[in-house]
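Please look over the chain below before reading on. The paragraphs that follow lead from one local site to the wider picture.

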Amino acid sequence: MASTRVNATEPNAAPGAATSEQGAVHVAPESLRPTGPAGPATHARAVGPLSEGLRMAALKWHLLINTLTRSTWILVGTILGALYMLFVVGSFGFALFMVGSESLEIVRTAAVFFGTLLLLGWWIVPVVSSKADSSLDPSRLALFPLRIPGIQIGQILGAVIGIPGIATLLITAAWISTWRASGIALLLAIPCALLGLLLAFVGSRAVTALSANFNKQRRAGEIISIVLLGLVVLLGPLFALIGRGVEQVWEQLPTWAGYLAWSPLGAAWAIPADAAQSQWGAALGRLAIAAATLVVVVLVWRAALHRALADATGDAARSGAKSVSGVGLFARLPATGWGAVMARCLTYWVKDPRYSATLLILPAMAAAFWFISQDGTGVIWILPGLVALLMAYAISADVGYDNTAFTLHILAPVKGSHDRLGRALAMLCIGVPAVILMLAVTMVRTGGWGYLPGMVGICAALLLAGTGVVSVMSARYTYPVPPPGASPMKTPQGYTVLNVIIQFVILGAVALMALPPMILLIVQVVSGQALWGWLALAVGIVEGLGVFWLGIVLGGTWLDRRAPELLQEVAQYR
């Protein structure tokens, strides 16, 4: 935009103007002028909320295209994710289409439950995966001359851009097809679907804005993320229990759907059924509930968005330092390089939610395996080994979790072997008791105490030898992780298919360590001779200690050689 030139002697020159050497005043472009509490004085009147929203949606589209074209691996991963999502949507869409040939009561029940689950999914996911999509995050928009209505329109349109939004549109189209038996129901299903989609998208953005305010209290946000992560782990046994009892509650589903149809979650999805039965009073009542819910959610979203924008601009002014006294574990562990690293990592395991989330997953896993193996057989036998594998694998992300704090290891300097040893010992302080507890749970559930030595050998190989393997591989390969202070459920930027392959390779290499004692335990099971179990114990311990020592030495040597390159990689994780 060309600047406006006025005479420097004029008394009414613009307040934000700058004087040039020729004596002219260059007025700043309207889009760059400071904004007041009510928004930009001139620019906001020239560009309406709809135009602002369309520009934000176009910005997200360009960001998506640029992300896909930046790397071949990102493009391939996105295509694979889209194909998987297309398969899931196709399966559910076909099921919904087939429901349309059933009776009206079944169609109504399926439609209401579908809509309720859809809304819950869109409203809960922003809490679980905090700022997974940060392209239109309020904190990034606070310094731009945008008004709240424009941001709201842009975020609603932006919700459609991406795999989740497109999948939701497709599955909702399948939902519309379930009403094909009635012309009036099919006609009304289209606006009802649009109303339901608005509730989903608006509710999702409102929850995101509210969680942005709530997450200012870091510990509260961490607790919510970790608890929800534990609930996700328990979904398997919950679905198993639901599957076993679905026949018993099948007759109650229409009644429950009737209750949900009068709730804010299910009202919009039941209107076509009322129209098909000519129950216009009930249809109008549900429409009023859905519309009122939408208005309330929009108002809550507006207030939360206003607060989030205000907080984003004032965080720097309100930030302060918190006094800390004492040195904690540093005073209790040896004053050596590995002792200092061990003390710091143990502190992380207790206070950093990215570590402590693992500690909550473990009891959730134990509960899940306990309920699945009701007869004391089956998958519960893999529980101790699985926990040992996950604990050994956990330190593969240690350097990534350090982020720029890894600079201290380079400047100290800390020997690579001390770094590897300190991280490994800190994990073993948590991992060994966890594995012992899982072994006890397995033995109590199954009563197979005769196989305990062999199981201990397998766990020792996975935990000790696996730690040695990870100590070597994590000195060379790293992958994006949530940065310090972020939710453990946040999706880090820059995640590619190559990163997934690296993680699977590390997991596979750790799992191979259990092969020698596992073979001996299988021989014990087949032959019934306890000697093979004790041999598995001896082999697992010897192998574990040997590979552990070798991994610390080789991983430390490799870390000494490429520590600066590793720092450069992890410093990019945001």
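**A walk through the predicted model**

His409 is found in helix α18, which covers residues 407-411; helices here are DSSP runs of H or I with at least four residues, strands are runs of E with at least two, and both are numbered from the N terminus. This is a predicted model, in which local features need pLDDT of at least 70 and side-chain atom pairs count only at pLDDT 80 or more, while totals for chains, interfaces and linings use all residues. Residues are numbered from 1 along each chain as its sequence is written, and side-chain values use heavy atoms, with hydrogens and water left out.

His409 has a relative accessibility of 8%, so it counts as buried, a word that stands for under 20% relative accessible area, with exposed meaning over 50% and partly exposed in between (1.4 Å probe, protein chains only). Its side chain is joined to that of Arg344 by a polar contact of 2.3 Å, and the side chain of His409 makes another polar contact, of 2.7 Å, with the side chain of Asp419. A polar contact is a pair of N or O atoms within 3.5 Å; within protein, one must be able to donate a hydrogen and the other to accept it, and residues adjacent in sequence count only if both atoms are side-chain atoms. When residues up to four places away in sequence are not counted, His409 touches Val341, Arg344, Asp402, Val414, Asp419 and Arg423, where contact means heavy atoms within 4.5 Å.

With a relative accessible area of 1%, Asp274 is buried, and its side chain makes a polar contact of 2.4 Å with the side chain of Arg286. These two residues, Asp274 and Arg286, are 12 residues apart in sequence and 9.3 Å apart in space from C-alpha to C-alpha. Leaving aside neighbours within four places in sequence, Asp274 is in contact with Gln279, Ala282, Ala283 and Arg286. The charged end of Arg286 also sits over the ring of Trp262, 4.1 Å from its centre, and the charged end of Arg180 sits over the ring of Phe97 at 3.9 Å from the centre; such an arrangement requires NZ of Lys or CZ of Arg to be within 6 Å of the ring centre and within 35 degrees of the ring normal.

Which rings pair with one another? A search of the whole structure finds 9 aromatic pairs, and one of them joins Trp349 and Tyr355, whose ring centres are 5.1 Å apart and whose planes stand at 65°, so the pair is edge-to-face. Rings of Phe, Tyr and Trp (its six-membered ring) pair if their centres lie within 6.5 Å, and planes under 30 degrees apart count as stacked, over 60 as edge-to-face and the rest as tilted. Trp349 is buried at 1% relative accessibility, and Tyr355 is buried with a relative accessible area of 2%. Trp381 and Tyr451 form an edge-to-face pair as well, 6.0 Å from centre to centre with 80° between the planes. Trp381 lies in the loop between α15 (353-372) and α16 (383-394), and Tyr451 in the loop between α19 (416-446) and α20 (452-473), so this pair ties together parts that are 70 residues apart in sequence. Trp381 is partly exposed at 26%, and Tyr451 is partly exposed at 29%. Elsewhere, Phe114, Trp175, Trp179 and Trp269 form one aromatic cluster.

The largest nonpolar core has 62 residues, and those with the most contacts inside it are Leu383 and Val387; a nonpolar core is a set of buried Ala, Val, Leu, Ile, Met, Phe, Trp, Tyr and Cys residues joined through side-chain atoms within 4.5 Å. The elements that give two or more residues to this core include α14 (337-351), α17 (398-402), α21 (497-512) and α23 (531-570). Apart from neighbours within four places in sequence, Leu383 is in contact with Met365, Ala366, Phe369, Met438, Val441 and Thr442. Another core, of 47 residues, lies apart from the largest one and has Val89, Trp123, Trp175 and Ala268 among its members.

For the chain as a whole, the secondary structure comes to 23 helices and 3 strands, and 44% of the 574 residues count as buried. Among contacts between residues at least 6 apart in sequence, 78% join residues at least 24 apart.
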